[in-house]
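Please read this note alongside the sequence and the structure.

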Amino acid sequence: MIQTIKKYCNSLTEYSRYKTREVKIGDVPLGGTNPIRIQSMTITDTMNTLATVEQTIRMVEAGCEYVRITAPSMNEARNLENIKKELRARGYTVPLIADIHFTPNAAELAARIVEKVRINPGNYVDKKKFEQFEYTDQEYQEELDRIRERFTPLVKVCKEYGTAMRIGTNHGSLSDRIMNRFGDTPLGMVESALEFERICEDLDYHSIVLSMKASNPQVMVQAYRLLIQKMEEEGMNYPIHLGVTEAGGGEDGRIKSAVGIGALLEDGIGDTIRVSLTEDPEYEAPVAIALANRYKNRPNHNPIKPIAEVPIDPINYKRRETFEVSGIGGSIVPAVVADYSSRKISSQKDLIDIGYKYDEASDKWFLADAAADIIYLGNQNITFGLPENLKLIIDYNEWEKLDSKKLRFPLLYRNDYLKAKFFSDQINFLEVKISDFDEELSSRIKSDNKLVLVIITDNEHGMAEQRRLFFELISQGIKNPVIIKRDFKNISLDEIRLHSSTDFGALLIDGLGDGVWLSSETNNDASKSEGKLKLVKESNEKFINRTLFGILQATRTRISKTEYIACPSCGRTLFDLQETTEMIRKRTEHLKGVKIAIMGCIVNGPGEMADADYGYVGSGVDKITLYRGKDIIKRSVPSSEAVDELIDLIREDGNWTEPSGNNIY
Ligand code: SF4
């Protein structure tokens with residue numbers, strides 16, 4: 001069904017920034033025509049003035065244009081004054097943002113000191129009780145009246161002191177009222193912010209920034225799109241702060257952040273970014289900067305044919321309908337293609353990088369959970385025996401000459417395909433770009449139920465061009481599976497990770513794509529690594545395979561490993577979150593599909609754990625509370641025993657397996 005899309009960006013084919021109103025935050029304005037601003041949050045104890053000042057300075061030096069500091073109570077809110085004074089004395093004018101949960105009085109004090117306050121509409125007035133499950137209209141209105149009463153004083157202080165405010169919704173901490181009426185949906189997230197926003201409008205206060213964060217990039221992207229649709233309907237245009245919460249650290253944290261933030265930036269959405277990693281905050285800014293920099297020259301991209309009607313729903317996920325061709329498409333998880341066209345394969349050992357380990361003694365292959373499904377060989381062939389699940393793609397001219405074509409399938413280009421007389425009777429791959437499409441090709445593709453399309457692009461705005469091609473296929477009723485192929489050249493590994501996460505991720509979260517194929521040449525130069533993420537010497541194929549599986553995991557289109565939902569930590573954190581996350585990861589990383597949350601504090605942690613299966617939450621000095629889903633299982637476990645107890649809990653539920661000892665990676 002084709003529906004007319006409700007506007008959530010300027011264009012899906014021509015890059016341009018979605019224009020919001022300018023909001024003054026100290027002397028660094030946000031929104032309007034200002035560049036995409038970079039920000040982060042300190043993780044020091046706010047009462048430790050010196051540590052907070054020094055960390056803030058490191059963040060500014062790393063590129064942060066705003067710095068957020070937690071103010072959990074009046075004491076911390078008061079100490080913001082000392083922090084600000086010291087920073088100014090040292091010549092740093094960076095605008096400061098107070099992060100507030102649950103404490104209106106701290107917010108009202110902080111708003112007199114710093115340039116911006118961030119409130120969470122899910123917990124500014126409400127405490128989570130899960131007590132009432134049905135709200136009558138009258139009860140709901142009474143709650144809104146109560147919010148107005150408690151929230152109005154803060155708005156008045158902000159107006160008086162020229163302080164900006166972020167109304168920052170988190171998917172994991174919606175109020176009972178919102179949950180009961182809207183569920184934990186993108187609509188619930190948007191309504192949660194707009195309830196507060198409408199009060200600001202009534203009070204003629206407009207220095208507002210909005211955010212819709214979630215740890216699931218798909219939910220987060222849908223919520224931001226819906227937010228813009230709703231703002232358009234209500235005549236609002238407030239700047240947008242982008243972020244994926246609890247993204248974790250390392251490669252996974254970067255991939256998850258790039259999928260969510262990048263998908264929105266591609267459509268011109270977003271005025272400021274915070275990348276949340278479970279790492280020191282000065283490592284976040286380089287990632288955010290790399291994401292934002294990609295759009296500096298984007299308006300000059302080659303034109304893409306505009307589209308008036310969009311055949312997908314941007315707010316509700318639905319995978320594009322395709323038929324299956326020998327294990328690709330249909331309801332099968334997206335396939336991963338490993339590109340070996342520029343690496344000679346001489347023995348079984350060459351396949352270990354993509355998850356295949358051969359044991360000579362038993363003549364058996366062992367597969368990793370993240371083993372590629374298809375290998376593209378270019379014009380070479382493999383002479384040794386292969387596992388039955390693996391498919392090889394070979395250039396058509398070479399493939400045609402093969403005596404044995406078992407597990408080997410041809411890659412064709414438009415003209416070969418239209419002329420060729422001989423095809424595989426199982427699968428044929430056709431590499432096409434948008435400009436290849438005409439009536440002749442479309443009708444051939446439509447009638448070919450053994451054909452998988454491999455779509456490529458050389459447009460600077462490549463994701464949008466490939467998405468435009470998907471729209472064309474849907475509109476024409478073409479249901480052949482599609483492998484998305486991208487080719488990145490002359491960029492660093494860090495950039496490949498972020499760009500591919502953005503470009504594949506943006507399509508996958510909209511249900512587009514039955515496979516991913518990334519080919520790139522990189523020098524794997526460790527000196528060019530950003531921040532904390534140090535490069536290891538490894539082959540391109542290994543790096544790419546891990547990245548592609550990471551993207552599929554982040555988009556939740558194919559789960560191949562444990563998922564960690566770790567908060568970035570802040571002044572409330574009561575243990576070393578980075579070290580603990582690493583310790584838990586080491587012991588549980590073989591538990592495919594299990595979601596484990598590691599959260600720094602009991603105040604916000606449980607709310608922000610999203611849909612984790614298990615939670616490890618700091619609840620006091622040296623004390624951990626363990627959760628199964630949203631339920632507390634054990635309180636006040638000494639931290640020295642908490643990881644073992646967590647594993648016991650996983651074991652009790654039958655979700656534990658022993659590490660195989662056959663760890664291929
Ligand atoms: S969950 Fe983590 S980042 Fe959030 S408030 Fe608690 S310690 Fe800070």
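1. Strand β13 (residues 391–395) and strand β14 (residues 408–413) pair in the parallel sense over four bridges. Strands here are DSSP runs (E, at least two residues), numbered from the N terminus, and two of them pair if DSSP finds at least two bridges between them. Within this pair, Ile394 stands opposite Pro410 in β14.

2. The model is predicted, so local features need pLDDT of at least 70 and side-chain atom pairs count only at pLDDT 80 or more, whereas totals for chains, interfaces and linings use all residues. Residues are numbered from 1 along each chain as its sequence is written, and side-chain values use heavy atoms, with hydrogens and water left out.

3. Eight strands, in the order β9-β12-β13-β14-β15-β16-β17-β18, close into a barrel with parallel pairing. From one strand to the next, the twist averages 25 degrees.

4. Strand β22 (residues 623–628) pairs with strand β23 (residues 631–638) in the antiparallel sense, over five bridges. Leu626 stands opposite Lys634 in β23. The hairpin of β22 and β23 has two residues between the strands, and Gly629 takes a positive phi near 55 degrees there.

5. Which residues surround the ligand? They are Cys567, Ser569, Cys570, Arg572, Thr573, Gly600, Cys601, Asn604 and Gly605, where a residue counts if one of its heavy atoms lies within 4 Å of the molecule. By class, this shell has three nonpolar, five polar and one charged residues; Cys counts as nonpolar, Arg as charged, and Gly among the polar residues.

Methods:
Axes fitted to C-alpha atoms, helices over the stretch in contact; angles between N-to-C directions.
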